[in-house]
Structure formats: C-alpha cells, structure tokens
Amino acid sequence: MRHEITNWIGLGGLVLALGIIGCSNNGAGPGDGGGGSGGDGGGVITDGGGGGGDGGVLPDGGTLNDGGTVTDAGTDAGWGPTGDGGCQPVLCAGHLYQCGDCIDNDNDGLVDWQDPDCLGPCDNNESGYDLGIPGGGNAPCKLDCYFDSNSGSGNDDCHWNSQCDPLAPEAAQCPYDSTMLGSMDCPATQSAQCQNVCAPLTPNGCDCFGCCELPAGSGKYVFIGTGHVDKNPTCTLANATDTSKCAPCTPVQACLKTCGRCQLCLGKTTVPPDCFESGGDGGTPGDGGTLGDGGIAGDGGPADGGVINPGQCPTGVQACGLPGEPPCQAGYYCITGCCQPTIP
C-alpha cells in the first residue's frame, strides 16, 4: 500500500469557521446547545453553556464538564460531533486502527489525526511513518497505494516499482533498473481508479507511493517506508533529514500531491497569516444563538470572527485542522487540513 497524487487536489476550498462541537452554516458560533467556544477562538461560555457532555477532555487543555462550560478552550477541530465532547472513532475498510481509535497510543498527548505521525485512518502506528499493518513481502520492490490498508494493487490499481527510481531508496535489495520504466510496474501515468482510491488518503506533499517532501518545503523527498523490505521501518518526522533512516527518493509525478503555500502538508501544521480572509458576517451564532440555558457565544465565534483560508482545500471539500475549523463529519478523516472520505 503506497501512495501518490499531484494535482488531484487544487487550491480554492471553502472553510467554515465553526464552534468546537456544534456545526452551523450561517455563522461562526455554535448551534443550539453546541457547547462551543466563543470569542476569538479562546472564549469561555458561561451560564451553563449548553450540552458540554460528560467530561470529554480537549487535547489543548480545554475541559468539557457536565455543566457545559468550556474552559481554557479555543476551538478544537478534532473532537466531535459525538454529543459528549469526545473523539469519534473512524474506521478504515471496516477495521479500527490506532490512528482512528481515539486513543493516544504512543502517549505523546496527541490523538489520531492530531498526531503528526498519523497518516490517516488506515494507519496502525502512531509512532512513525510505517503503517504497521502486516502483509506483503513476496514482491518487496513493488509498491501500491502507501496509505490504504492493504499491500496489493488490486483494489486501487496503483503500480510502481522502487527499482524505477534513480535514487533507489531500497538500493541494496531493489537496485535501479532503467529498463523497467514504462512497463506495467513503472507506468508513465496512473489509472483513474488509482486516483479515485488513493488520492483522498494521500497527504499533501507526498506521492501515492510514500515518497514525501520532508522537511516540508525543503524540496527534498524521502521514502517514508524506508526499511519496509527488511521489516525494519525507520523513518519518522524527527529523523527526516537522516538519509540512513529516511532514504531519498524521486516522487512519481503522475500521482504527486503537491502542497501549496496556504495548505497543510506532511510535516507542516501552520500556514502564513495572510492566507486568511474574512468569512461571512463574523459572528451570528448557529440556529438560534443561545447555548444551554442562556449562555451566549462570546463576541462572535471562533477564529477572530469567522475567517477562512480559501486556498486550504479544493472547492466543496471541508477544511479542518486549524483553529476555528469544525470537525470532519462521520465517514471523513482530517488529512493534512482537508476532510477526506474514508474507505468503507
């Protein structure tokens, strides 16, 4: 399972700046009883503040208690919508893996998509870039979509062989062989099926076979599956510059998913301030505006009155992952700042 995508996702997505739990299309504040954050992304809701749930804890320090008060909060796009302020598990092809189970499996204080080592819902390893899903090995140089839950190209029709890479990231076992270029194992283009299946799962900054630009914006690409041949994966964000652990690679242009200036990508969790612009009227709370027994959402909702980053995601794709942005809906997962559909 390897991965790639290039211009499959362009710029120009609309971001809805919503509250922490409830989602609304006509304002920055939470809906009726949403228990959301007010003010400029850090406001406190008093007067009962609406259904705060049963003690869900927000990873940035905010706590939801059974009276509905949001403390020390700011918005948090990774929690809900579950009705109790908690994380919502996300399946991949019917399986619940570490990066979708709502558990901080590596004890780093970050859960699931908020953990920079999580590549998507099909990732069973919160401690590095190896997906941690057994399988494959009979043809170790052949790659398919890196980011799905299996090691065969049958379901995604993505084809590549690491021997076609002049940099040969697994050089000892899979030396470069230029005669393979243009073959079925090293095609000049990837099929529509590969794009449809693998593109949504591929983080910005990577191709669909796991060749990613790290550090982000450096122009240097590494194979995040380094060591997969000998079953000893070594590549992590922390050692991305160590070529012995994250071997250099050449991205497959046919499925390279680039990362724009105003987009999040693998290893990049913020965007420049000038990427944001005013969005909407900046503050009418959701449908009705009142929370719980009368608490009003601060001074107009999250992200300083409802700003948007139109370059974060393509048109029609919900943005996520930055302060003030809502959680993804059920069946979607936040992958490098955009809500992408999961594998059913």
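The legends below describe close-up views of one predicted model.

Residues are numbered from 1 along each chain as its sequence is written, and side-chain values use heavy atoms, with hydrogens and water left out. Because the model is predicted, local features need pLDDT of at least 70 and side-chain atom pairs count only at pLDDT 80 or more, while totals for chains, interfaces and linings use all residues.

**View 1. The whole chain.** The chain has 2 helices and 14 strands; helices (H or I, at least four residues) and strands (E, at least two) are DSSP runs, numbered from the N terminus. Of its 344 residues, 55% count as buried. Buried means under 20% relative accessible area, exposed over 50%, and partly exposed in between, with a 1.4 Å probe and protein chains only. Among contacts between residues at least 6 apart in sequence, 64% join residues at least 24 apart, where a contact means heavy atoms within 4.5 Å. The accessible surface of the chain is about 13500 Å², and 53% of it belongs to carbon and sulfur atoms. Accessible areas come from the Shrake-Rupley method with a 1.4 Å probe; for residues, only the protein chains shown count as cover.

**View 2. The disulfide of Cys 92 and Cys 122.** A disulfide is a covalent bond between the sulfur atoms of two cysteines. Here a disulfide is taken as a pair of cysteine sulfur atoms within 2.5 Å, and by this rule the count comes to 15. In the pair shown, the sulfur atoms of Cys 92 and Cys 122 are 2.0 Å apart. The link is right-handed, with 85° about the S-S bond. Cys 92 and Cys 122 both lie in the loop between β2 (70-71) and β3 (142-143), so the pair ties together parts that are 30 residues apart in sequence. Both cysteines are buried.

**View 3. The disulfide of Cys 158 and Cys 194.** The sulfur atoms of this pair are 1.9 Å apart. The angle about the S-S bond is 100°, and the link of Cys 158 and Cys 194 is right-handed. Because Cys 158 lies in the loop between β3 and β4 (160-161) and Cys 194 in helix α1 (residues 192-198), the pair ties together parts that are 36 residues apart in sequence. Cys 158 is buried at 0% relative accessibility, and Cys 194 is buried with a relative accessible area of 0%.

**View 4. The disulfide of Cys 262 and Cys 275.** The S to S distance is 2.0 Å. With -85° about the S-S bond, this link is left-handed. Cys 262 and Cys 275 both sit in the loop between β8 (256-257) and β9 (277-278), so the pair ties together parts 13 residues apart in sequence. Cys 262 is buried at 18% relative accessibility, and Cys 275 is buried at 5%. Two further cysteines can be located by number: Cys 259 is partly exposed, at 25%, whereas Cys 265 is buried, at 6%.

**View 5. The second largest cavity.** Rolling a probe the size of a water molecule over the atoms shows where empty space is left. On a 1 Å grid over the protein atoms alone, a cavity is a set of points where a 1.4 Å probe fits but cannot get out, and lining residues have an atom within 4 Å of a point. Grid points are joined across faces, edges and corners, and a volume is the space filled by probe spheres set on the points. The whole structure holds 2 cavities of 30 Å³ or more. By class, the lining has 8 nonpolar, 3 polar and 2 charged residues. Ala, Val, Leu, Ile, Met, Phe, Trp, Tyr, Cys and Pro count as nonpolar, Asp, Glu, Lys and Arg as charged, and the others, Gly among them, as polar.

**View 6. Asp 230 and Glu 170.** Asp 230 is in the loop between β7 (221-223) and β8, and is partly exposed at 46% relative accessibility. Asp 230 and Glu 170 are 60 residues apart in sequence and 9.6 Å apart in space, C-alpha to C-alpha.

**View 7. Backbone details at Pro 215, Cys 102 and Thr 336.** A cis peptide bond joins Leu 214 and Pro 215, with omega about -10°. Pro 215 is in the loop between β6 (211-213) and β7. Cys 102 is not a glycine, yet has a positive phi of about 65°. Cys 102 is in the loop between β2 and β3 and is partly exposed, with a relative accessible area of 22%. Thr 336 also has a positive phi, near 40°. Thr 336 is in the loop between β13 (332-335) and β14 (338-341) and is buried, with a relative accessible area of 15%.

Key
1 Å grid on protein atoms, 1.4 Å probe; cavity = no way out; pocket = protein on both sides within 12 Å on 5 of 7 lines; lining within 4 Å.
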